[in-house]
Amino acid sequence: MSKEQTFIASIDQGTTSTRFFIYDKSARIIGSHHVEFTQFYPEAGWVEHDPVEILESVRSCMTKALDKATADGYNVDSGLKAIGLTNQRETVVVWSKSTGSPLYNAIVWMDVRTSSICRKLEKELPGGRTHFVESCGLPLSTYFSAVKLLWLMENKEEVRAAIKKGDALFGTIDTWLIWNLTGGVNGGIHVTDVSNASRTMLMNLQTLDWDKATLKTLGIPAEILPKIVSNAEVIGKIAKGWPLFGVPIAGCLGDQHAAMVGQACRRGEAKCTYGTGAFILLNTGTAPVKSTHGLLTTLAFKLGPKAQTNYALEGSIAIAGAAVQWLRDSLGIISSASEIESLASKVDCTGGVYFVPAFNGLFAPWWRDDARGICIGITRFTSKSHIARAVLESMCFQVKDVLDSMHKDAGEKGEVKNEKEEFLLRVDGGATVNNLLMQIQADLLGSSVVRPADIETTALGAAYAAGIAVGVWKEEELFASGQNIKTASIFSPKSSVEWRKKKVDSWCKAVERTFGLADLE
């Protein structure tokens, strides 16, 4: 006998895999599936995905998660009220409106092929690297979507020709997925949401619309850009030919913004998601806060067309979990990512080894695309356990660098502290199952780290947004005192101030030695 209930689903399209979750009204997962897809590295510093493969990964995940829930007796077909979507940000696709085919592979957020475009713009624009910060909150960087689009326009004849004919559509991964899910060439809806749009360098943070002056300066035609919508509203319905035909897509957020919603981060509260990279966001409330310490001013979320806009300070770290993948796939030091904890636990320190994973440069707060990775302090005593521990420490040092900048930008009034006067960092993402990583993080921060029972808060946040849009949940209830966050573990610091200072000083020396190494290629 089937179990009649209300369900919300979410698509979580990440940098290395796609996942699909089905939740009941208590936000309990009743069906899920995930599929990994191919990463392409055509040249040093280049990273691409096949947009069609991503599309098929979504189809596969939807089908198999639905099959699992149905096999367990849940009548998802009749009870599913809406689907939310969350995605890797900044990654761009340009495709043909008439055929639906991509005109080039998706250029991924961490790709640095646009460094020469950034340098050229820095020299030409009167404001240099910060020319667009006033409108969009972002510096000129290879990280953001606009310069990736410029590269496609400058280097791919197919893209130039399609734009000239009026046949080109541009979007981040959310836009590509929604257009296809809602019909594609047969009436697909061409939209993005405010959080993904805020990462393109093209959206004005105040008006929440494409900035005409920026488009004119960069020579980007407005006609190829999607319409910008809020994070929680009915966008369109799943088209024929897809699983769950007729179900509304009612929520859309970039992955880090979805995690903020999933963690119920209110003003003054911050979260860090440890994935391929690591991303720390602090909710600054209803007004943008300018950073003077290397952070990004960005949009947090807007949960409805008439809802208040929440803004955030963000520190983006390019390489976190990707360094563990590198140990596994490129060096063969481990055979699975989960092995790193036991390997690193065989030693109680790194033996003086410091690893800086500047594979494609460094993001916040350094912003050095000329940096390259280093591993220093190696002696005959060094073992693979020391290197594994140094890789884990590198993730935590980078998070500390960002949080130190965040504390300076936000100030005392911009942060919420507990009764012990601690600023608590909420954490999520796959890497947080690693208890050693979480303890190292608390030790280097000198403050507690809070890990929720459900670490998949990105998918949960997208589900919450969709549920808010169709009336399954209310925003004020989800954010009330963070009551929906069931704390599984709190990691408290065990280190001394002296130890912490010595470690951080050594880390900073190591970081400085990565600068200017891009020429070695």
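Predicted model: local features only at pLDDT ≥ 70, side-chain atom pairs only at ≥ 80, totals over all residues.
Local features require pLDDT of at least 70, side-chain atom pairs count only at pLDDT 80 or more, and totals for chains, interfaces and linings use all residues. Residues are numbered from 1 along each chain as its sequence is written, and side-chain values use heavy atoms, without hydrogens or water.

The structure contains 23 salt bridges. A salt bridge is counted when a side-chain nitrogen of Lys or Arg lies within 4 Å of a carboxyl oxygen of Asp or Glu. Secondary structure follows DSSP runs: helices are H or I with at least four residues, strands are E with at least two, and numbering starts at the N terminus.

One of the salt bridges pairs R89 with D255, with the closest N and O atoms 3.5 Å apart. R89 sits in the loop between β5 (80-87) and β6 (92-96), and D255 belongs to helix α10 (residues 255-262), so the contact ties together parts 166 residues apart in sequence. Both R89 and D255 are buried. Accessibility classes rest on relative accessible area: buried is under 20%, exposed is over 50%, and partly exposed is in between (1.4 Å probe, protein chains only).

A salt bridge also joins E314 and R199, at 3.0 Å from N to O. This pair links distant parts of the chain. E314 lies in strand β16 (residues 310-317), while R199 lies in the loop between α8 (194-197) and α9 (212-218), 115 residues away. E314 and R199 are both buried. A network of salt bridges links R89, E90, R199, D255 and E314.

The side chains of R368 and D370 form a salt bridge at 2.9 Å, N to O. R368 is partly exposed, with 29% relative accessible area. D370 is also partly exposed, at 22%.

Helix α17 (residues 497-512) has 16 residues.

Within α17, R500, K503, V504, W507, A510 and V511 are buried. These residues cover an arc of only 115 degrees around the axis, which puts them on the same side of α17. The arc is taken from the directions from the helix axis to the C-beta atoms. An α-helix has 3.6 residues a turn, so residues three or four places apart point the same way. On the other side of α17, E498, K501, K502 and K509 are exposed. The cover over the buried residues of α17 includes β17 (354-356), β18 (374-376), α13 (384-410) and α14 (435-445), where contact means heavy atoms within 4.5 Å.

How values were computed. Expected span 1.5 Å × (residues − 1).
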